[in-house]
Amino acid sequence: MKPYNQLSAEELKVLHAELLEKYNEYKSRGLNLDMSRGKPAPSQLDLCMELLDVIGADGEYTTKNGTDIRNYGVLDGITEAKELFAPLLGVKPENVFVGGSSSLTLMYDAVCRAYTHGAYGSERPWCKEEKLKFLCPAPGYDRHFRITEHFGFELVTIPMVEGGPDMDAVEEAVKDPAVKGIWCVPKYSNPLGTTYSDETVKRMAALKPAAKDFRIFWDNAYAIHDLYEDKQDVLLDIMQECEKNGTQDMVYIFASTSKVTFPGAGVAVMGMSDNNMALMKKHAGVQAIGYDKINQLRHVKYFGSYDGMLEHMKKLGKALQPKFETVKNTLDKELKGLEIGRWNDPMGGYFVAFDSMDGCAKRIVALCSEAGVKMTGAGATFPYGKDPHDSNIRIAPSYPPVDELKTAMELFCLCVKLASVEKLMA
Ligand SMILES: Cc1ncc(COP(=O)(O)O)c(C=O)c1O
């Protein structure tokens, strides 16, 4: 089949009729499939059930410092947990804050504290500023954007280019003192699967924002979520780069075990400079007496070490491989050469991003939905949920079993074809 944009009006009409017939056939099957959820499949969760048994088996509830994990105390996390997660964040154990189970909550709280009380280096709380802006590399993670929208920030879209956010645009934007921060998913980004290049990380760490309390929210949610052992993206250590520039107060680093052990019941961590850590403890100490140390020690005992965690991730990567390959193979087979879409081939993370012809994404998602396949809403990956090109669609392959995923992807490709032909006919 030649590229769709080279088809004559008559050829398009014939093709449209064929596609519509196939589509109606799918519709009559009453499918109920879901490619919207970036969550681990039950079979992945089964791989770490032993986590639930490691505490108490030996009757040992005490940390090496003598803390009884069943009781109150130790606001910033038990030493063993700080040591376990320090290499994940790329900071020293004393610069790790071990929070509850959600890194998103840590991010929300970091924005909230700066808003009500100011961040380290703030002249005043952010709520006292006349205007607040936040940089949102897009396509990006909708929940990040929603946090800053919730606090009344103006969301400034920064285009994602090869190697991460467009750093020329970032460097220009931070000259505005109203710009207080940037959202970053630096490895296998949600949804593009992009890993920031060394140059991007270096330029990020060397930023000289007009706002002295500007913060990089470095959400390394997919730091160790490689699909393959022999093909892995490597991300430069942001804290080391910041230290070279004397900008270590500018970055907050986040991660969690949501997609390592159990989402909602894992451990979330934050890495930061000494100054940020001191202020964080001051505020967090008002909010809580301490977090779930039983869960912290459970993770420590289960993994044994950071290397143990990496070993576990190999199993999860293997479980995800056939799913990502199903997505890629179906897209290649059905759409390659038609020039009606582009897609990425990430080496890790949880998503594949698809870009349709301009003005087709909403229609594709609607067609999928009508035929029983749920996708993430078109536009969700942009600030305010508005994709200026109406072209980006996030595919989440992790949850459905492979056979369901294959059917869902075949239908997705059919909907891409149908929406593209409709557009070309119009
Ligand atoms: C980039 C990113 N950050 C954070 C989260 C949520 O993390 P948590 O479960 O630790 O709150 C997700 C979940 O999909 C994500 O994609």
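Which hand does the crossing of α1 and α13 have, left or right? I looked this up in a predicted model, and the crossing of α1 and α13 is left-handed.

**Entry 1: α1 and α13**

I took the geometry of this pair next. The axes of helix α1 (residues 9–28) and α13 cross at roughly 145° and come within 10 Å. I then listed the residues that meet. From α1 they are Leu12, Leu15, His16, Leu19, Leu20, Lys22, Tyr23 and Tyr26, and from α13 they are Leu411, Leu414, Lys417, Leu418, Val421, Leu424 and Met425. Sorted by class, the contact of α1 with α13 has twelve nonpolar, one polar and two charged residues.

**Entry 2: α11 and α13**

I stayed with α13 and turned to its pairing with α11. The axes of α11 and helix α13 (residues 402–425) cross at roughly 30° and come within 9 Å. Angles under 35 degrees count as roughly parallel, and α11 is therefore roughly parallel to α13. The crossing in which α11 passes α13 is right-handed. On the α11 side I noted Pro322, Lys323, Thr326, Val327, Thr330, Leu331, Glu334 and Leu335; these meet Val402, Leu405, Lys406, Met409, Glu410, Cys413 and Val416 of α13. I sorted the contact of α11 with α13 into nine nonpolar, two polar and four charged residues.

**Entry 3: α3 and α10**

Are α3 and α10 parallel or oblique to each other? I found that helix α3 (residues 79–89) and helix α10 (residues 293–303) have axes 9 Å apart and pack at an angle of about 55°. α3 and α10 are therefore oblique to each other. Their crossing is left-handed. The residues in contact are Glu80, Ala81 and Leu84 from α3, with Gln296, Leu297, His299, Val300 and Phe303 from α10. By class I noted five nonpolar, two polar and one charged residues in the contact of α3 with α10.

**Entry 4: domains**

I checked the domain assignment of the protein chain. Domain 1 is given as 4–44 + 311–425 and domain 2 as 61–304. Between the C-alpha centres of domain 1 and domain 2 I noted a distance of 31 Å. How many residues of domain 1 are in contact with domain 2? I noted 25 residues of domain 1 in contact with 28 residues of domain 2. On the side of domain 1 that touches domain 2, the elements giving two or more residues are α11 (306–335), β11 (352–356) and β13 (392–395). α11 gives the largest share of that side, seven residues. By class, the side of domain 1 that touches domain 2 has 14 nonpolar, eight polar and three charged residues.

**Entry 5: ligand shell**

I went through the residues around the ligand, of which there are 13. Ser102, Ser103, Leu104, Ser256 and Ser258 come nearest. The shell around the ligand has six nonpolar, six polar and one charged residues.

**Entry 6: backbone details**

The peptide bond between Ala138 and Pro139 is cis, with omega about 0°. Pro139 sits in the loop between β3 (133–138) and α5 (142–150). Asn190 and Pro191 are also joined by a cis peptide bond, with omega near 10°. I placed Pro191 in the loop between β6 (179–184) and α7 (198–205).

Where does Glu339 lie? I found Glu339 in the loop between α11 and β10 (341–343). Glu339, a residue other than glycine, has a positive phi near 55°.

Terms used
Residues numbered from 1 in each chain as written. Predicted model: local features only at pLDDT ≥ 70, side-chain atom pairs only at ≥ 80, totals over all residues. Near = placed C-beta within 6 Å. Nonpolar A, V, L, I, M, F, W, Y, C, P; charged D, E, K, R; others polar. Axes fitted to C-alpha atoms, helices over the stretch in contact; angles between N-to-C directions. Helix = DSSP H or I, 4+ residues; strand = E, 2+ residues; numbered from the N terminus. Parallel < 35°, antiparallel > 145°, perpendicular 65-115°, else oblique. Left-handed = near helix turned anticlockwise from the far one by under 90°. Contact = placed C-beta atoms within 7 Å. Domains from an automatic or database assignment.
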